[in-house]
Amino acid sequence: MAASGMPRPVVVSGTSEILFVYGPPGTGGSNVSLATLLQYIGDDVHRTVIGFGPGRFPDLLTERGLADELFLIGGGGKLGRSLATFRVAWLAFRRRKRLLAIHGNGITGVFLSALAALVSRVPVVAWVHDPMISANQRRIGPIVKRLVRRVKWAAVSEVAAGVAVASRLVERSAIVLIPNPVDPVDVVPDEYLDADPVTVGYMASATHRKGFDVLAEAATQLEGEPLRWKLFTTRRDTADDSWAALDVLPAGYVDVPGYSDPKVIFAQCDVIFVPSRNESFCRVAAEAMLNGIPVVAADTPALRALLGNDEAGLLYPVDDAEAAAAAVRRLAVDPQLRRRLGDEGRARSESFTPQPIVAQFRPLYGLPPQVA
């Protein structure tokens, strides 16, 4: 695998080359999903990846060998993003005779691919993960739509599809739903549902969008219950008093181990708490389901689509910390309920394991089905 700031031509025999374009270099849900797709896409694909760097995501690609070639480009500010768009276009133009498709990951990846598609005449496969629309997306969307004519659109959920439509990039009828893949290598032994005390895990940034303030209120209300909290996040300044409220709780009741490998995290959790106010899919909930761990989540469209109506977890009204605490309490005292919800979650998660996701993407790229 080559990593470089400037693309170079390469001769590859016997494979179909796809250019995968990503945006922000962090390990958010969209990039982690792209990594899983790259891992399972098949040996007949030459995986050329280009995107912003350095960062945690390009480091992950390098460590796991998920790109046959990796090119890192700048992206700071409007000028940096414009230059990045030209670099993606230059690479696509140089590879145009070999490229089968350009994969634009997220709306940022699609925007970065627009000029490349225009100059190379290579079709784009867009995979939208975005949970909300920005003013910039709404402004640029119609321009990109005029530039890029040959696009096959996929979205991880109805929420993400709605963002693409609101960005005036595409009509809803042209979007196929392909959820984020969740890798079964992160499944841990089923040995944690009858623990005492019950451990409630939180895996997200400590931000308002992720509902960290609701977590702090719920944890405070549940002080004295037979449970403990493990927050797999990083401490950061917040606009509210969330950390201050958590810091005065009894020692051992709230632990902050920080980010870790998913398998390490799920081995320690009996319940996963997802108070997020806005999600397009929610990998954390999907990964918990794959592990048979029940979820307590805010009742947003994406999370209801994943969990069903109290089928793989318990939903509570968005922003209602009292209802969230009641749902956590209900699971903490009822191991049979945890088991039932966990089993249903594992069954529902089969639709977003990597193989069916790859099977949907290969024909979009123009690839034949994988040989078993």
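This is a predicted model: local features need pLDDT of at least 70, side-chain atom pairs count only at pLDDT 80 or more; totals for chains, interfaces and linings use all residues.
Residues are numbered from 1 along each chain as its sequence is written. Local features need pLDDT of at least 70 and side-chain atom pairs pLDDT 80 or more, whereas totals for chains, interfaces and linings use all residues, and side-chain values use heavy atoms, without hydrogens and water.

An open sheet of 6 strands has the order E11-E10-E9-E12-E13-E14, with parallel pairing. Its edge strands, E11 (254-255) and E14 (313-316), each pair on one side only. Strands are DSSP runs of E of at least two residues and helices runs of H or I of at least four, numbered from the N terminus; pairing requires at least two DSSP bridges between two strands. E10 (residues 227-231) is joined to E11 by 2 bridges, and Lys-230 stands opposite Asp-255 in E11.

By the rule applied (a side-chain nitrogen of Lys or Arg within 4 Å of a carboxyl oxygen of Asp or Glu), the model has 16 salt bridges. In one of them, the closest N and O atoms of Glu-17 and Arg-95 are 2.5 Å apart. Glu-17 lies in strand E2 (residues 16-21) and Arg-95 in the loop between helix H3 (77-94) and strand E5 (99-105), 78 residues apart. Both Glu-17 and Arg-95 are buried, that is, under 20% relative accessible area with a 1.4 Å probe and protein chains only; exposed means over 50%, and partly exposed lies in between. Glu-17 and Arg-95 also belong to a salt-bridge network with Glu-69 and Arg-98.

Arg-47 and Asp-68 form a further salt bridge (3.2 Å, N to O). Arg-47 is buried at 13% relative accessibility, while Asp-68 is partly exposed at 27%.
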